[in-house]
Amino acid sequence: MSHRSTTLKKLRQGTTETACALLCLAGPSVIANGLSQTLLSGEAWMDARNGLRILALLLGYVLWVRWRERRPVHELGLTDAARETGLGLLIGGLMVALGVGAMAWGGAYQVLAVNGPGHAVALLPLVISLAALEEILFRLIVLRLMERWLGTGWGLFISSLLFGLAHLGMGPATVASTLLLGLEGGLLFGAAYLLTRRLWLCLGLHIGWNFVQMGVFSADATLALKRVGWLQASIDGPAWLTGGVHGMEASVPAALLCLSVGAALLTLAIRRGQWQPRAARGSAHPAALAADPASLARGPN
């Protein structure tokens with residue numbers, strides 16, 4: 001069989017398994033969504049509904065791994081979870097602070113008022129639920145399963161592309177801004193997952209980035225949404241510096257920060273042996289299945 005035919009076959013197999021995993025997650029999610037809409041209707045219960053959806057996603061994921069892959073769910077293990085999440089929060093927050101600092105240095109960011117901390121805290125449940133949803137779907141499912149069949153490079157590319165496309169309908173997003181978001185965000189969060197083979201570092205990064213961006217600096221990913229956090233600010237400057245209507249994530253400083261930190265995390269992952277070539281026909285590298293140090297030592301089946 002030619003190399004091209006083998007690659008296409010692996011792509012079909014990987015796509016099929018990823019779709020099946022997403023369907024497995026969809027069952028508990030649909031049930032949780034129906035129950036929450038019935039029992040917890042109204043704006044006041046929105047955070048509770050989002051929490052139930054995330055718990056349902058995690059349940060579906062655990063069921064998939066235990067039933068299909070027949071192994072412990074190492075990537076959700078709680079050992080070092082607090083440390084990895086905290087490190088991610090710190091790195092993500094500092095990156096946003098540097099990006100906003102670049103805008104302020106260029107005269108594009110000006111604080112108009114300082115609101116109460118409640119403005120920031122109120123956004124925290126939304127930020128956590130959205131970050132958890134995206135990391136479960138795009139890193140634990142798409143990246144991990146596509147990597148199993150096609151290798152790390154293709155898994156990272158496909159998951160980053162889908163991550164960007166998922167934001168296409170948000171506000172004034174364009175194809176260009178969507179691809180940029182997929183490139184910078186997909187690389188950053190994907191590299192964080194590959195480094196640890198666990199959820200927590202990439203989740204912390206995602207939460208830290210979004211919370212500090214929206215909850216602290218009010219520099220929303222989509223300025224048209226006009227979310228106001230702790231600092232109420234005026235953002236007005238060239239699009240390359242501010243990201244224009246797409247928010248700071250479409251700016252040159254943010255792109256450079258994401259690509260630099262993402263490249264650094266990816267380099268560390270490669271040095272730790274976490275970059276896997278395309279699996280041999282009929283096999284998959286255990287590191288693409290789970291964060292199991294013992295299986296890393298064993299190598300491919």
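**Exercise 1: Salt bridges**

Glu135 and Arg139 form a salt bridge through their side chains, with N and O 2.7 Å apart. The model is a predicted one, in which local features need pLDDT of at least 70 and side-chain atom pairs count only at pLDDT 80 or more, while totals for chains, interfaces and linings use all residues. Residues are numbered from 1 along each chain as its sequence is written, and side-chain values use heavy atoms, with hydrogens and water left out.

Task: Determine how Glu135 and Arg139 are placed in helix α4, and then examine the salt bridges of Arg198 and Arg197.

Solution. 
1. The criterion is a side-chain nitrogen of Lys or Arg within 4 Å of a carboxyl oxygen of Asp or Glu. By this rule there are 10 salt bridges.
2. In helix α4 (residues 118-150), Glu135 and Arg139 are 4 residues apart, which is about one helical turn. Helices (H or I, at least four residues) and strands (E, at least two) are DSSP runs, numbered from the N terminus.
3. Glu135 has 0% relative accessibility and counts as buried; Arg139 is likewise buried, at 0%. Here buried means under 20% relative accessible area, exposed over 50%, and partly exposed in between (1.4 Å probe, protein chains only).
4. Arg197 meets Glu147 in a salt bridge, with the closest N and O atoms 2.7 Å apart. This pair links distant parts of the chain, since Arg197 is in the loop between α6 and α7 and Glu147 is in helix α4, 50 residues apart. Arg197 and Glu147 are both buried.
5. A salt bridge also joins Arg198 to Glu84 (3.0 Å, N to O). Arg198 belongs to the loop between α6 and α7 and Glu84 to helix α3 (residues 81-105), so the pair ties together parts 114 residues apart in sequence.
6. A network of salt bridges links Glu69, Arg71, Glu75 and Arg144.

**Exercise 2: Aromatic rings**

Task: Classify the ring pair of Tyr109 and Phe217 as stacked, edge-to-face or tilted.

Solution. 
1. Rings of Phe, Tyr and Trp (its six-membered ring) pair if their centres lie within 6.5 Å; planes under 30 degrees apart count as stacked, over 60 as edge-to-face and the rest as tilted. The structure holds 5 aromatic pairs.
2. For Tyr109 and Phe217, the ring centres are 6.1 Å apart and the planes stand at 80°, so the pair is edge-to-face.
3. Tyr109 is in strand β1 (residues 109-114) and Phe217 in the loop between α7 (200-216) and β2 (231-235), so parts 108 residues apart in sequence are tied together.
4. Tyr109 is buried, at 9% relative accessible area, and Phe217 is buried at 16%.
5. Trp154 and Phe157 have ring centres 5.8 Å apart and planes at 85°, so this pair is edge-to-face. Both residues lie in helix α5 (residues 152-165), 3 residues apart.
6. Phe138, Phe163 and Phe189 are linked by ring pairs into a cluster.

**Exercise 3: Cysteines**

Solution. 
1. A disulfide is a covalent bond between the sulfur atoms of two cysteines.
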